[in-house]
Amino acid sequence: MKNPDYYKKKLLDLKQELESQIDTLNKRGSDALKESVGELSSYDNHPSDLGNETFEREKDLGIRDNARIMLIKVNNALKKLEEGKYGICESCGKKIEEERLEIIPYTTLCAGCNRKEEKDLSRKSRPVEEESLSFPFGRSFLDDTEYAAYDGEDAWQDVARYGTANTPQDEPGSKDYKDAYTDGNERRGITDRADKILKNNDFAENEKNELGR
């Protein structure tokens, strides 16, 4: 392994870079959203108007939190240097590869143990919180079941017909804004095409519209 002073300088440079990044992001985040975009209010009738700005603010927070985690790791690595334990894998006790330390100077695992840890993590079940990250009313969207009554999807469609932030290009199969939401182009109020009762004078026009879908 290279001289400890080489890695100490590398870690200190990275620490300074992370601290500067965190400080910049903290200052940027201290400004109210309406002030950073020059708006009188951050409330608006259309949810997409501040979409880009909100995304950028959330991205900054994610980058800042990641930088804080890396800073903790860097400080731990500097502490190990002082204790003479730097470059030793915390899992197997073997020396960490020099090539790995060159790229990730704050790492605490050798390449083999890191691969094993990543493999173990991938086998673990997903957190229960992810159950709420499905479609709106996700647990009551019953399209894939035999349930034929009014469900969460129908409730969402009833509301979405009044307008969403989507455009036809956002929803596969949509041809106009009336269908720019989940399954907006499906036939409504029937479970089978034969169940739909039509007036004789409306039959031809309806057939044309249905075939056009």
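Helices (H or I, at least four residues) and strands (E, at least two) are DSSP runs, numbered from the N terminus. With that in hand, let us walk through the structure. This is a predicted model, in which local features need pLDDT of at least 70 and side-chain atom pairs count only at pLDDT 80 or more, while totals for chains, interfaces and linings use all residues. Residues are numbered from 1 along each chain as its sequence is written, and side-chain values use heavy atoms, with hydrogens and water left out.

Start with the overall plan. The chain has seven helices and zero strands, so following the sequence from one end to the other you read the pattern α-α-α-α-α-α-α. Of its 213 residues, 21% are buried; here buried means under 20% relative accessible area, exposed means over 50%, and partly exposed lies in between (1.4 Å probe, protein chains only). The chain exposes about 16100 Å², and carbon and sulfur atoms supply 50% of that area. Such areas come from the Shrake-Rupley method with a 1.4 Å probe, and for residues only the protein chains shown count as cover.

How do parts of the chain meet? A contact means heavy atoms within 4.5 Å. Among the contacts in the chain with a separation of 6 or more, 45% are between residues 24 or more positions apart.

Now look at K8, whose place is in helix α1 (residues 4-29). K8 counts as partly exposed because its relative accessibility is 44%. Leaving aside neighbours within four places in sequence, K8 is in contact with L78 and L81. K8 and P105 are 97 residues apart in sequence, yet their C-alpha atoms are 9.1 Å apart in space.

Next come the cysteines. A disulfide is a pair of cysteine sulfur atoms within 2.5 Å, and by this rule the count comes to zero. C110 is in no disulfide either, as the nearest cysteine sulfur, that of C113, is 3.6 Å away. C89 counts as buried because its relative accessibility is 3%, and C110 counts as buried because its value is 8%.

C113 itself is found in helix α5 (residues 111-123). With a relative accessible area of 15%, C113 is buried too. Apart from neighbours within four places in sequence, C113 is in contact with C89, S91 and C92. C113 and C89 are 24 residues apart along the chain, and their C-alpha atoms are separated by 8.1 Å.

Grid points are joined across faces, edges and corners, and a volume is the space filled by probe spheres set on the points. By this rule there is one cavity of 30 Å³ or more, and the largest cavity has a volume of about 60 Å³. Its lining is made by N76, A77, K80, Y86, G87, I88, E90, Y106, T107 and T108. By class, that lining has four nonpolar, four polar and two charged residues. In this grouping, Ala, Val, Leu, Ile, Met, Phe, Trp, Tyr, Cys and Pro count as nonpolar, Asp, Glu, Lys and Arg as charged, and the others, Gly among them, as polar.

Finally, visit the loop between α6 (152-160) and α7 (200-212), where E171 is found. E171 counts as buried because its relative accessibility is 18%. E171 and Y181 are 10 residues apart in sequence and 6.1 Å apart in space, C-alpha to C-alpha. D179 also lies in the loop between α6 and α7, and at 6% relative accessibility D179 counts as buried. Between the C-alpha atoms of D179 and R161, which are 18 residues apart in sequence, the distance is 7.8 Å.

Note on methods: On a 1 Å grid over the protein atoms alone, a cavity is a set of points where a 1.4 Å probe fits but cannot get out, and a pocket is an open set with protein on both sides within 12 Å along at least five of seven lines; lining residues have an atom within 4 Å of a point.
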